[in-house]
Amino acid sequence: MLLPFVVSGLAAVGAYFFPVAQVILQQTGQQVGSRAAPQVAAGSPFTMLLLGSDDDAKFRGNPLTQSMILVRVDPTARAVTMFSIPRDLYVPISGGGSGKIDQAYEVGGPDAAVRTVENNLDVRIDYWAWIGLTGLVKLVDQVGGIDLSPTNAVLDDAYPNDVNSQDPYGTIRVAVLPGPQHMDGANVLQYVRSRHDDIREDFGRSFRQQQVLIALRTRAKQLNAADLPGLVDSFQGRFKTSMGVEQMRELLPVANQIQPASIKQVVLVGNYTRNADIGGQNVLLPNTSLIQATVHQTFPAR
């Protein structure tokens, strides 16, 4: 919901922002594999897969996706649904074999990630967007930080210390306490990425990631055209999407009109999954029929 705001200002700010337009055009409109670009009519509902990844020194090819969130936007109803997909969900991966669903992007980039989610959740994805760790940090800092109110402490004695670090496998101790607070990019990254010692286990991270998206949307409404160069620069090399510039521009009025009460958040807590050990890995085995039934309450089937 932040991206349409950034792009929409380009038409009005003239030649001074031409380099900004070039950067956005390089990072948008990326096709998913060999599939033709979707034909989503202006004003029609659409589904996007949001992907968030480690992009630190541990990875030489495609990274894993720490975050996978399906988003359904209905411009007419001015409503949004966010559906978090557990990263440890054990499923068939597009391109061969089975594994945790966060491996799909590593195996075949956005094409494999999109097709894996479509095949296992029986959902049609119109667009995808990817952002890396450092991209998120820079984005949050560029908008001046965001306001969050954690409901429970997030404590992690083994948080990865792999951003701007000489040791990509090092760890540090982090703690985010409950209550209202203003966070910069580094703190937000710790908040959404930590997966140890949360009373809600890894599902807690899904709640936190959705919370940050909503907070970013609120902060973005305060930006203006003068913020565009720095904001877009924060994306360079750390953001990609299949949505085109015109499509994002059309979303601006919708993004500004959607109220927090119209944003539905879904996290698969309960009988949707069960714990298992496969090949020495802790995984979540899906209750596929129950998951698909929940998905189909909001998201159209393929």
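In the predicted model, strands β1 and β2 form an antiparallel pair joined over 8 bridges. Within this pairing, Leu50 is placed opposite Ile69 of β2. Both strands belong to an open sheet of 6 strands with mixed pairing, ordered β11-β6-β1-β2-β3-β12. The edge positions are taken by β11 (239–241) and β12 (263–267); each has a single partner strand, so one side of each has no neighbour in the sheet. On average, and with direction ignored, neighbouring strands are turned by 15° against each other.

Helix α3 lies across β1, β2, β3 (79–84) and β6, and runs at about 140° to β1. Helix α4 (residues 133–142) packs on the sheet through β1 and β6, its direction making about 85° with that of β6.

The largest nonpolar core comprises 27 residues, and Leu49, Leu70, Phe83, Ile85, Val117 and Leu121 have the most contacts inside it. Two or more residues each come from β1 (46–53), β2 (65–74), α3 (104–121), β6 (127–132) and α9 (288–295). The largest contribution, 6 residues, is that of α3. Beyond its neighbours within four places in sequence, Val117 contacts Leu49, Met68, Leu70, Ile85, Ile101, Asp122, Val123 and Ile125.

Gln209 is located in helix α6 (residues 202–220). This residue is buried, because its relative accessible area of 10% is under the 20% limit. The side chains of Gln209 and Ser67 are joined by a polar contact of 3.1 Å. With residues up to four places away in sequence not counted, Gln209 touches Gln66, Ser67, Ile69 and Val192.

Terms used: Residues are numbered from 1 along each chain as its sequence is written. This is a predicted model: local features need pLDDT of at least 70, side-chain atom pairs count only at pLDDT 80 or more; totals for chains, interfaces and linings use all residues. Side-chain values use heavy atoms; hydrogens and water are left out. Helices (H or I, at least four residues) and strands (E, at least two) are DSSP runs, numbered from the N terminus. Buried means under 20% relative accessible area, exposed over 50%, partly exposed in between (1.4 Å probe, protein chains only). A polar contact is a pair of N or O atoms within 3.5 Å; within protein, one must be able to donate a hydrogen and the other to accept it, and residues adjacent in sequence count only if both atoms are side-chain atoms. Contact means heavy atoms within 4.5 Å. A nonpolar core is a set of buried Ala, Val, Leu, Ile, Met, Phe, Trp, Tyr and Cys residues joined through side-chain atoms within 4.5 Å. Two strands pair if DSSP finds at least two bridges between them. Axes are lines fitted to C-alpha atoms, for helices over the stretch in contact, and angles run from 0 to 180 degrees between N-to-C directions.
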